[in-house]
Amino acid sequence: MAKQRLIVIIDDEEDLLDLYEYNFIKHGFEVATFNRANKALQYIKEEMPMVILCDWMMPEMDGLELCRKIKSDIELAEIPFLMVTCRTDKNSIKQALASGATDFITKPIGMAQLIQHVSAIITQGTNTMTG
């Protein structure tokens with residue numbers, strides 16, 4: 001079962017990870033940050049977060065590949081996966097959604113807007129789970 005307020009954030013930009021972490025914690029979330037997707041995958045399998053925020057363009061394993069791996073795992077497939085990226089072209093959006101991403105968010109995004117978006121997804125998921 002997913003941890004109620006745990007979100008996993010994956011981005012190879014350390015400054016951005018710090019900014020995300022600070023703001024989400026300030027709003028009552030438990031946050032785990034990773035600068036590599038392959039490191040995050042094992043944690044996600046063990047901890048079952050409520051939401052995953054992931055950058056697309058990263059070394060080793062990109063966000064699209066991570067999304068595919070998560071969505072193909074029956075135990076992880078229901079976790080909302082938000083692709084957060086600088087990409088804005090329609091083909092990238094289609095690719096991400098076809099790979100199983102719950103949503104596609106373009107950078108830059110205001111922190112308040114992002115937190116509100118994640119909160120809405122968690123509330124929606126909680127309502128679905130409770131009936």
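# Close-up views of a predicted model

**View 1**
Met48 sits in the loop between H2 and S3, where helices (H or I, at least four residues) and strands (E, at least two) are DSSP runs numbered from the N terminus. The model is predicted, so local features need pLDDT of at least 70 and side-chain atom pairs count only at pLDDT 80 or more, whereas totals for chains, interfaces and linings use all residues. Residues are numbered from 1 along each chain as its sequence is written, and side-chain values use heavy atoms, with hydrogens and water left out. Met48 follows H2, and its phi is near 50°, a positive value in a residue other than glycine. At 16% relative accessibility Met48 counts as buried, a term that stands for under 20% relative accessible area, while exposed stands for over 50% and partly exposed for values in between (1.4 Å probe, protein chains only). Glu60, in the loop between S3 and H3, also has a positive phi, near 70°, but at 60% relative accessibility Glu60 counts as exposed. Most residues other than glycine have a negative phi, and most peptide bonds are trans.

**View 2. The peptide bond between Lys107 and Pro108.**
This bond is cis, with omega at about -5°. Pro108 belongs to the loop that lies between strand S5 (103–106) and helix H5 (111–130).

**View 3. Helix H2 and its buried face.**
Ala37, Ala40, Leu41 and Ile44 are the buried residues of H2. Seen down the helix axis, they fall within an arc of 110° and so line one face of H2; the arc is that of the directions from the helix axis to the C-beta atoms. The elements that cover these buried residues include S1, S2, S3 and H3. On the face of H2 turned away from the buried side, the exposed residues Lys39 and Glu46 are found.

**View 4. Strand S1 and its partners S2 and S3.**
S1 is mostly covered, with 5 of its 5 residues buried. Leu6, Val8 and Ile10 point one way from the strand, Ile7 and Ile9 point the other way, and all are buried. In a regular strand the side chains alternate between the two faces of the sheet. S1 runs parallel to S2, to which 5 bridges join it, and two strands are taken to pair if DSSP finds at least two bridges between them.

**View 5. The largest nonpolar core.**
A nonpolar core is a set of buried Ala, Val, Leu, Ile, Met, Phe, Trp, Tyr and Cys residues joined through side-chain atoms within 4.5 Å. The largest one has 26 residues, of which Ile10, Ile44, Ile52, Leu66, Ile70, Phe81 and Met83 touch the most other members. At least two residues of this core come from each of strand S1 (6–10), strand S2 (30–34), helix H2 (37–47), strand S3 (51–55), helix H3 (63–71) and strand S4 (81–85). Another core, of 21 residues, lies apart from it and includes Tyr20, Val31, Val84 and Val118. In soluble globular proteins, nonpolar side chains tend to be buried together.

**View 6. Contacts of Ile10 and Asn23.**
Contact here means heavy atoms within 4.5 Å. Leaving aside residues up to four places away in sequence, Ile10 touches a set that includes Leu17, Phe34, Ala40, Ile44, Ile52, Cys54, Met58 and Leu66. Asn23, in helix H1, counts as buried at 12% relative accessibility. With its neighbours within four places in sequence set aside, Asn23 is in contact with Met111 and Ile115.

**View 7. Cys67 and Cys86.**
The structure holds 0 disulfides, a disulfide being a pair of cysteine sulfur atoms within 2.5 Å. For Cys67, the nearest cysteine sulfur is that of Cys54, 8.1 Å away, and Cys67 itself is buried, with a relative accessible area of 0%. For Cys86, the nearest cysteine sulfur is again that of Cys54, here 13 Å away, and Cys86 counts as partly exposed at 49% relative accessibility.
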